[in-house]
Amino acid sequence: MTPTRRGSLTRHDIGLAALAVVDEEGAEALTVRRIAARLGVRAPSLYSHVDGKDDILELITEIITADMPALDLHPSDWRAGLLDWARTYHAAFAEHPNAVGIIARRAVTITESRQAYEDVIAMLVEAGMGPAAALRVVLGIDYVVLGSILAPFSPAFDQPLGDDFPTLRTAIRATEPAEVDRTAFREAVQAYVRGIPDPAHD
C-alpha cells in the first residue's frame, strides 16, 4: 500500500483501513499495528486521531451504517416499513460479516443507528403499538438480521453427508448454495413480520 502522507491521515482513513483488515483477515487481526501497516504509517501516529480499539470499532460501525439509505416509514403501512428497514439493515451488514460478530456485542452508540431505532419504534407506536411491544418487535428484527449473517447456512453443511442423514442430504443437494442464505433471510423476515399481532390486538 502507498504510504499515507504525513499530516493527511484522517479518522475516516483509519476506519476504512480497519474495516479492510476485518473483512480480509478476520476480527482477531484487528490491531492498531495492523491498521497502521495498511496505511503505511507508524502505529503511534494513529493515536493522534483515535483513542484506541473501541474508538476504531465505532469508526467501523459508522462506515457500515453510512451505506444504509434513509428509511421511508409510514404508520399506516408499518409492516412494509419494517421489511424495508430489515432489508437495508441486512444489505449493509451482510457485506461485512466478519465485523458483525464484534458490532453485535457492543452497545448502540452511533447516532445514525440510534436514530433508525427511534424512527422504527416511533412508527410502530404511532400505528398503535405499545412502546415495550414495539421494542420487542425491533429486537426480533435484530435477531433475524444479525443471526442470518453470523450463522449462514452455506458453511454449516459444506461437508459430504453419508447415508445416515438421507433427508438432510437430499435437501442440501436441492439447495442453491449461492442463493440459500439470501432466500432464507427474506422468507424468515417476511414470516416474522406477517406474524406480528395487529396493534389493535396487542
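Predicted model: local features only at pLDDT ≥ 70, side-chain atom pairs only at ≥ 80, totals over all residues.
Trainee: Which residues are the closest to the centre of the largest pocket?
Mentor: The lining of the largest pocket is made up of 28 residues, which divide by class into 18 nonpolar, five polar and five charged. Of these 28, the closest to the centre are Thr 65, Met 68, Ser 113, Ala 116 and Tyr 117.

Trainee: Which element gives the most to the lining of the largest pocket?
Mentor: The elements that contribute two or more residues to this lining are α3 (53–65), α4 (78–94), α5 (97–103), α6 (111–126) and α7 (131–150). The top contribution to the lining of the largest pocket is six residues, and the element that gives them is α6.

Trainee: Which residues lie nearest the centre of the second largest pocket?
Mentor: The second largest pocket has a volume of about 310 Å³, and its lining holds eight nonpolar, three polar and five charged residues. Of the 16 residues that line the second largest pocket, those nearest its centre are His 90, Ala 94, Ile 149, Asp 181 and Arg 182.

Trainee: Where does the largest share of the lining of the second largest pocket come from?
Mentor: At least two lining residues are supplied by each of α4, α7 and α10 (177–195). The largest share of the lining of the second largest pocket amounts to six residues, and its source is α10.

Notes. Residues numbered from 1 in each chain as written. Heavy atoms only, no water. 1 Å grid on protein atoms, 1.4 Å probe; cavity = no way out; pocket = protein on both sides within 12 Å on 5 of 7 lines; lining within 4 Å. Helix = DSSP H or I, 4+ residues; strand = E, 2+ residues; numbered from the N terminus. Nonpolar A, V, L, I, M, F, W, Y, C, P; charged D, E, K, R; others polar. Points joined across faces, edges and corners; volume = space filled by probe spheres on them.
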